[in-house]
Amino acid sequence: MLVADLLLTTAVYVLIPTMPKWLMETENFSTLETGLSMGAFGLGLYLLGAQCSWLVQRYRRNVVCMWAVIGLALDMVLLWYIDGLHSEFVEFWVILLQRLLLGATFGLAQMVLASTLIIDTCESHQRTEANHSAAWFARFALSVGPLAGLLVYGMLGFDKVLYGGIGCALLAVVLIKLVTFPFRAPEEGVHVASFDRFLLSHGEALFTNLLLVSITMGLVLSLPLEVLFYALMMGGFLLALLAQRFVFRNAELKAEVVSGLILMLAALLVLLVAPTSPVAPLLMGLSVGIIGSRFLLFFIKLSRHCQRGTSQSTFFLSWETGIALGVGLGYAAFYEQHDTLLYVCLALTVVALLMYHFFTHQWFLTHKNR
């Protein structure tokens, strides 16, 4: 299930650095059209979220997830077909619709996978560890996906990137199919649309604070980064795992997020003064890994009884919405204005740090339920 999560997320993340190149170089999109197309993915994430609970009650939960992933693969097949039409340029609204559908299928698949399937495969005392592991596998895709996408795009072209994404999605379906999920009788009185398995109605402070961080990360990903950046960022993720195990094991609760945001500020400053330095991606991966892990646990502790799945979906939406908005804004408003973009990132990180230190942390301590 964890490998399926990694493959599913990688299938989407291979497009982060490659699709904007394709849109601008092959399809003659403007930077504004490219940014809006990339940002539309974030809106698509919410299109099927309210129906998630009803779908997993009405149909078998693993079947819903598999069909959502198959829908994602078909969305990428549509992009492959468009890429094959070399004799004409695609209309902007077609790409916009494709990105919305991609976001909708990815959002539904991830919500069912993280909020239901992975939880259901574990004993109750192992579920927090399972959620933590699943989030880490998806986080590694943030470096694996763009790295693989850039390598394949540079050597073989955009169509082969799409082949890789489609292959990852279909392999994820096979892995989900291999796991047996016993039949569970549907609950009575389930509404077609609800916040169950979708959004925590009382998690707005955590959602907003994490959103500021993920928008910053998305803005950075809109920069023309090299393959080495993503490889080193993966090294930063590994350092974050070690830091959680040895550095923050007995640290004060506030220490992880504050330290992570300070490390993110340091990474952005290094990108400003020495863009090619290997220190920046290491610090970025380290900071994102530390911050993401702690916020995930905060969402879990904020949830009430039977809301664990909803907390996972809320964390996922905050993270992915910010990445999509950041990437879209980076192309639409700051294309080739690298210093300005980094100054905006610094400002957002400072706001996130101040918000967490003076408001969010105490708000969480007051409202947590676990």
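Predicted model: local features only at pLDDT ≥ 70, side-chain atom pairs only at ≥ 80, totals over all residues.
Local features need pLDDT of at least 70, side-chain atom pairs count only at pLDDT 80 or more, and totals for chains, interfaces and linings use all residues. Residues are numbered from 1 along each chain as its sequence is written, and side-chain values use heavy atoms, without hydrogens and water.

The largest pocket holds about 460 Å³ of space. A pocket here is an open set of points on a 1 Å grid over the protein atoms alone, where a 1.4 Å probe fits, with protein on both sides within 12 Å along at least five of seven lines; lining residues have an atom within 4 Å of a point. Of the 18 lining residues, Arg127, Cys306, Gln307, Arg308 and Gly309 lie nearest the centre. The lining divides into 2 nonpolar, 8 polar and 8 charged residues, with Gly counted as polar and Cys as nonpolar. Helix α6 gives the largest share, 4 residues.

Leu74, Val77, Leu78, Trp80, Tyr81 and Tyr163 make a nonpolar surface patch of about 570 Å². Helix α5 (residues 61-84; a DSSP run of H or I, at least four residues) gives the most, 5 residues.

| Residue | Phi | Loop between |
|---|---|---|
| Asparagine 28 | about 60° | α2 (15-25) and α3 (31-44) |

Arginine 197 counts as buried because its relative accessibility is 12%, under the 20% limit.

Definitions and conventions: Patch = residues over 30% accessible without salt bridge, like charges linked within 9 Å, V, L, I, M, F, W, Y side chains within 5 Å. Areas by Shrake-Rupley, 256 points an atom, 1.4 Å probe, with all protein chains shown as cover. Salt bridge = Lys/Arg side-chain N within 4 Å of Asp/Glu carboxyl O. Helix = DSSP H or I, 4+ residues; strand = E, 2+ residues; numbered from the N terminus. Points joined across faces, edges and corners; volume = space filled by probe spheres on them. Buried < 20%, exposed > 50% of the residue type's maximum accessible area, 1.4 Å probe, protein only.
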